[in-house]
Number of protein chains: 2
Amino acid sequence: MVKVNGEIKNGDLEIEQLISLKGDARKGVSVHGMIYNIRDMGDFAFVILRKIGGLIQCVYNKTGDEEEKEILKEENSVVIIGDVGDEPRAVNGIEIVVSEIKLLSSPAEELPFAINKRNLNISIENELPIRHIVLRNEKRRSIFRLQSGIVQAFRKYLEQNNFTEIFSPKIVAAGAEGGANIFKLEYFGKKAYLAQSPQFYKQMLIPVYERVFEIGPVFRAEKHETVRHLNEYIGVDFEMGFIKSFYDIINMETGMLKFAFQYLKDNYNDCLKKLNVELPVINEIPCVKFKDAKEMVAAKYNRKIRDPYDLEPEEERLISQLFKEEHNSDFVFVTHYPIKKRPFYAMDDPENEKYTLSFDLLYNGMEITTGGQRIHDYQTQVDKMISKGLEPKDFESYLMLHKQGCPPHGGLGMGLERFLMKIIDEKNIRSTSMFPRDINRLNP
Amino acid sequence: MVKVNGEIKNGDLEIEQLISLKGDARKGVSVHGMIYNIRDMGDFAFVILRKIGGLIQCVYNKTGDEEEKEILKEENSVVIIGDVGDEPRAVNGIEIVVSEIKLLSSPAEELPFAINKRNLNISIENELPIRHIVLRNEKRRSIFRLQSGIVQAFRKYLEQNNFTEIFSPKIVAAGAEGGANIFKLEYFGKKAYLAQSPQFYKQMLIPVYERVFEIGPVFRAEKHETVRHLNEYIGVDFEMGFIKSFYDIINMETGMLKFAFQYLKDNYNDCLKKLNVELPVINEIPCVKFKDAKEMVAAKYNRKIRDPYDLEPEEERLISQLFKEEHNSDFVFVTHYPIKKRPFYAMDDPENEKYTLSFDLLYNGMEITTGGQRIHDYQTQVDKMISKGLEPKDFESYLMLHKQGCPPHGGLGMGLERFLMKIIDEKNIRSTSMFPRDINRLNP
């Protein structure tokens, strides 16, 4: 029998540790990693290791023997023993002068594509089938490191603001958003669906926790293929009770975005640098009514309003352009969407019967968030369902929320991939979904 | 147009803020919440508000008018204005002497079940259809507050240990764990499945990030109904590269558990108290080989070994009992499981061809984690697939990992509901799944 007490000491050092070493501690260090690049300089070679924290340069004096050829191959996993020295031209200001390389594992084949270039010249169509290989590229892997930083920041902010994290079921008996874009599932002889959002559950938990959030997968069976839709994406959802108006939600999101950008600057600056990202500065975010926004854009850019009840993608782009030009803001909240375009749980605007107390957030031309105040009164919700052609008895569990009492509340849902896509200024949402699911794609 | 800058000031105070108030600041405070309980004392009433941080006692002097009867109802959402006073007999040491109550919202019906008792007398069968209502109970809601604390702690520990958080797709083209327990899905005319685990994706990202984790839903179409299985549960998964042996994984998990228990003591003590939980102290966790454990239990408790390749639930219970009795440990790692019972990606034990370099963690009689070292060599993995009757060409994307090189690695998966169930000493896993999915249950 063995006993373990939870301390992990394998002796291999990470980049930050290597940088901080002084004096004799710099001698005979052990470092593991995968060989990212080899630059043969004749008598010696620069062996660049890929490690958790980035790349590190190692200087290897060649012997010319056979074993060496086996060891010096890209994507080999190795442990290097050597001495740390200063090298201002190396990326971390240090390099390792190698005394020994131990081979742990070798690829069976060479890479199908050179992944160690600074900028990869590969189309998204060619990249996606080998995405997990392409992610070994230093710049590519920074994209999803940044993603992990964003969700860390969001969670930290929401926890600080007294939100409780929830995990709602993804296999459900009814869709929250209605419509045809819902995946069907065989569930032990019963009909089931994949959750289009955690909407019902978020609301049902308002009387329990007052403020809840969830960051998890949502599923939309959209049949069209665009650069801004995925069939499975990561939803950032929160819901809060006792709001005075939907501006409380807008304020909370604004605070969350400010916090996240600062958090990324403080903790993920290396990723931002590798991706050449300059994060926007948020002081205030302008809010404009849906109807006004449409008219402003029609007037300024000489456009006809074709559909008074919805924003076309081009209109979203122009609203953003207008607010960038006139208010220097990358973000704009468009508020008071028409009832026609909002789900049955949206609260109507008491001041204008055609509109709801809801909003979208546009970020550089694209909708990244939809939110608003919800109906909390039982009879109002039942009437609204009926007016939308729905059967209240199909929503019995959900309506218990209203029947048994709940405070005024509201919330929002953000698409994580869209947010990241705008941050790193990519045009196709498949760039910011690690293994995207679309109408043609289930693999890898 | 409005501009918002992200500050939320609605003036209502939370419990912690109320407790910290001094002097004149205690006068005329505003507090919102839902009425949990009303104790009518004749001339006055104790109105207990349910708030994010727990319950708070308010003292209301009755007037006897009609409006008052509407306001003083359980599950009403209200804002109370009043003065804070010391009251050693109240749960927080303070109470609010009410000068005004504003009604925000009222339930349409009385609760189907009194949720404001300290201990609820309701069967799980009766509870589950109204789970979201029952969760309004102070003790019940603590269960899932504790859950949110556990995942916070796990993430914090893993981030400190250089793990990158990932979000792997849940709609997949092939199951990682094989077998029949996989949900089928119609995906735009193609066959698709719900992911049984993030196994393939975790491994595929080892050469990218070296250490990755994911906490998210996993789906198992188990046809049997037990108190320890769910058809959808929250998997806590991590995977790490450059391990020297699977004991590195065991060490990492041990460290994570120690950290989590300390974190819960420091940050979720109120929930622990409400649930009467005494967390176990972990110093060292014993490890015992599968074969030895079976024999020890057979000898000590006079049992016959029926199936030499698997542990029966009763054996798991007895192994735990033995290690509790002899080593005072609530946890025990059972290592070196037979090849027969482990998936195709498990690495064989080079010292014994019948066993694998793998483990389960038992916690008070129940398996809560399965983990182990994985095969990293391409040819070894292909051969193993064939020996298990699988077609390597069905796993082309996954095998790119091995073909293009990856370091020795391994990881584990833990069931969050099982872990929480053992912490709070519940017998049915439906107690620790907020909205459980089983063979008969899709609602709410």
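Q: Which residue of β6(A) stands opposite A:Cys58?
A: It is A:Ile96. One thing to keep in mind as you look at it: this is a predicted model.

Q: What makes β4 and β6 of chain A a pair of strands?
A: Count the bridges. Three of them join strand β4 (residues 54–61) of chain A to strand β6 (residues 94–105) of chain A. A pair needs at least two bridges, so these strands qualify. Their sense is parallel.

Q: How many bridges join β3(B) to β4 of chain B?
A: Eight bridges join β3(B) to strand β4 (residues 54–61) of chain B, and the strands run antiparallel. B:Phe44 has B:Asn61 as its bridge partner in β4(B). These strands form a hairpin with two residues between them.

Q: What makes β1 of chain A and β7 of chain B edge strands?
A: Each of them, β1 (2–4) of chain A and β7 (164–165) of chain B, pairs on one side only. The sheet they belong to is open and has nine strands, in the order β1(A)-β13(B)-β14(B)-β17(B)-β18(B)-β19(B)-β12(B)-β11(B)-β7(B). Its pairing is mixed.

Q: How do you know that β18 and β19 of chain B pair?
A: There are six bridges between strand β18 (residues 366–374) and strand β19 (residues 409–415) of chain B. At least two are needed, so the test is passed. The sense is antiparallel, and B:Gly372 has B:Gly411 as its partner in β19(B).

Q: Which strands does helix α14 of chain B touch?
A: Helix α14 (residues 416–423) of chain B packs on the sheet, touching β12 (232–241), β17, β18 and β19 of chain B. Its direction makes about 60° with that of β19(B). Another helix, α11 (residues 313–327) of chain B, lies across β13 (285–289), β14 (331–335), β17 (358–363) and β18 of chain B, running at about 125° to β14(B).

Q: Why is the relation between chain A and chain B called a two-fold axis?
A: A rotation of 180° with 0.0 Å of shift along its axis superposes chain B on chain A, with an RMSD of 0.0 Å. That is why we speak of a two-fold axis. In chain B, the C-alpha nearest the axis is that of B:Leu185, 2.6 Å from it.

Q: How many residues of chain B are in contact with chain A?
A: 103 residues of chain B are in contact with 103 residues of chain A. On the chain B side, helix α8 (residues 247–267) gives the largest share, eight residues. That side divides into 52 nonpolar, 26 polar and 25 charged residues.

Q: What makes A:Asp425 exposed rather than buried?
A: A:Asp425 has 12 other C-beta atoms within 10 Å. You will find it in the segment after α14 of chain A.

Q: Why is B:Asn328 called exposed?
A: B:Asn328 has 11 C-beta neighbours inside 10 Å, and the limit is 12 or fewer, so it is exposed. It sits in the loop between α11 and β14 of chain B, with a positive phi near 50°.

Q: What makes the bond from A:Asn443 to A:Pro444 worth a look?
A: This peptide bond is cis, with omega near -10°. Most peptide bonds are trans. In chain B, the bond from B:Asn443 to B:Pro444 is also cis, with omega near -5°.

How values were computed. Residues are numbered from 1 along each chain as its sequence is written. Chains are lettered from A and ligands numbered from 1 in the order in which they are written. This is a predicted model: local features need pLDDT of at least 70, side-chain atom pairs count only at pLDDT 80 or more; totals for chains, interfaces and linings use all residues. Helices (H or I, at least four residues) and strands (E, at least two) are DSSP runs, numbered from the N terminus. Two residues are in contact if their C-beta atoms, placed from the backbone, lie within 7 Å. Axes are lines fitted to C-alpha atoms, for helices over the stretch in contact, and angles run from 0 to 180 degrees between N-to-C directions. Copies are superposed by least squares on the C-alpha atoms of residues with pLDDT of at least 70 in both. Ala, Val, Leu, Ile, Met, Phe, Trp, Tyr, Cys and Pro count as nonpolar, Asp, Glu, Lys and Arg as charged, and the others, Gly among them, as polar. A residue is buried if 20 or more other C-beta atoms lie within 10 Å of its own, exposed if 12 or fewer, and partly exposed in between; C-beta atoms are placed from the backbone.
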